[in-house]
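Reader: I'm new to this one. Could you show it to me and then take my questions?

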Amino acid sequence: MRAPPALGAGSDLATLTRRLAHLAGARRAGDMALRLLGVAALTGVVATVWLGLFVTPPDEFMGNLVRLLYVHPPMAWVAFLAYGVSALSSLAYLWPRTRSLSFDRLAGASAEVGVVFTALTLVSGSIWGRPTWGAWWVWDPLLTTTALLFVLYLGYLAIRKVPGTPEARARRSAVAALVAFLDVPIVYFSVEWWRSLHQPPTVLNPTTHKTYVHGSMAWTLLLGFVSFTLVYLWLMAHRYRLAKLNELEESEGLEVALAERRAEAVAG
Amino acid sequence: MWHDATLVAAKDLRIEVRSRVAVNQVAPFAIAVLLLFGFALGPDRRTLEPASAGLFWVAVLLSTILAIQRSYSVEASDGARDGLRLSGLDPAGIFLGKAAAVVAELLALEVLLTAGIALLYGAHLSGWGVLVLTCVSATVGLAAVGTLYGVVASGLKTRETLLPLLFLPVVAPVLLAATKAFDAALAGTPSRGLGWLEVLVVFAVLYVALGIVAFGPLLEDG
């Protein structure tokens, strides 16, 4: 607020000031814990990059390409973790006993981060696939499922953007999230079956790299998983906080604007 | 629930019979899609015939979007949706009824499209049992997802663009499984399509169940 609360502005302004002060306090406390999480995530990612690019040796078969594998599986893991969290919180919202808009916000925040990491997974996988399989894209079950997930959850985010009362929006979104999540196993199994009836993966088998990852490589991969999970938590917490502030702004923004205007009128 | 479902389905079908929107608009649309595939792939039957199962189901998917939009646009005017909510009908029954009406319309359309792929693409129709079962189970799944997403999108300003975005990725496995089952039947080896039929049945059961549970709260949103 620009103008200091004027004496004659009435008690509603006083309540409002108190509420805003409370809000600002909450924001600061959130920032403190979040900042620590952010620093931890950043340190982890920097360490992963350093280990992945400079410390670990090139792979016997894949050469320097193996370095992409320190970030690609962690990205995919975060994407699936995010969708899992989103589905669980949607379920929690639909369950009458645990119905709370916090779960709705959590579902939305998590899905949004999930979409970002799905895109990263697809891009990094594609970059890896080009020299390894000789194509930017193969119709592999995992790839195809991930691509469909990307589109499915873009639809989910689109439906979250549609205006409405918070409750109606939350219910719509929760059902959409469940429809999308139920689809994942069906898509995966049908695509896998579709492929296995057709032909085996062509140029090089998508090797289960875990079998011959060892020493510094294993540690780097592990660190990748941990730090990307931290990044996920950090992004999601911020997204959750923003969603909450957005709602507050929607519900109280008009009041604050009116109070400011009134204070100005009194002061002027 | 079943009684309410028959009432709603009969109402929707009666509206269709009287307004003829499905006959005059959705069916010609589906035929236009079949012709366009012909233009896209060229007139060679050696290209068209192996693709006919997939093209058939893509045409069905696109028509389903129209059928669903139609199914909810009849509820949009004259406060029909409020009437439905006030009617005291079981929401699960409303869901089943609306889905059943869409299934009936789509099955009629599929008969037309089957004739279409035989005539235009030169597909050899065989394995009738698998063909019919595939049509029924796939269509139930499509109608269930569509009706569920239809009520989510209905009443929203962006429904025309939102529904296809929500609907198409979810029904991707239906397209896949129905196409493979059709391929098997048309190739004269219908028994190879039975596994795909199971996928379709699982999909249909899952989404009909979800629709029965979730439709009520969504209808209330208005």
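**A first look at chain B**

Reader: Among contacts in chain B between residues at least 6 apart in sequence, what share joins residues at least 24 apart?
Author: Residues are in contact if their C-beta atoms, placed from the backbone, lie within 7 Å. Taking the contacts in chain B between residues at least 6 apart in sequence, the share that joins residues at least 24 apart is 84%.

Reader: Before I go on, what sort of model is this, and how are things numbered?
Author: Residues count from 1 along each chain as its sequence is written, with chains lettered from A and ligands numbered from 1 in the order in which they are written. Local features need pLDDT of at least 70, side-chain atom pairs count only at pLDDT 80 or more, totals for chains, interfaces and linings use all residues, and the model is predicted.

Reader: How many helices does chain B have?
Author: Helices here are DSSP runs (H or I, at least four residues), and strands are too (E, at least two), numbered from the N terminus. Chain B has zero strands, and its helices number nine.

Reader: What is the radius of gyration of chain B?
Author: The radius is taken over C-alpha atoms, and the globule rule is 2.2 Å times the number of residues to the power 0.38. For 222 residues that rule gives 17 Å, and chain B comes close to it, so it is as compact as a globular protein of that length, with a radius of gyration of 18 Å.

Reader: How do helix 3 and helix 8 of chain B lie to each other?
Author: Axes are lines fitted to C-alpha atoms, for helices over the stretch in contact, and angles run from 0 to 180 degrees between N-to-C directions. Helix 3 (residues 45–76) and helix 8 (residues 172–186) of chain B pack with axes 8 Å apart, at about 140 degrees. Under 35 degrees counts as roughly parallel, over 145 as roughly antiparallel, 65 to 115 as roughly perpendicular and the rest as oblique. Helix 3 of chain B and helix 8 of chain B are therefore oblique.

Reader: Is B:Arg20 buried or exposed?
Author: B:Arg20 sits in the loop between helix 1 (2–19) and helix 2 (21–41) of chain B. A residue is buried if 20 or more other C-beta atoms lie within 10 Å of its own, exposed if 12 or fewer, and partly exposed in between, with C-beta atoms placed from the backbone. B:Arg20 has 11 C-beta neighbours inside 10 Å, so it counts as exposed.

Reader: Which helix of chain A gives the most to the side that touches chain B?
Author: The contact takes 22 residues from chain A and 24 residues from chain B. With 15 residues, the one that gives the most to that side of chain A is helix 5.

Terms used
Two residues are in contact if their C-beta atoms, placed from the backbone, lie within 7 Å.
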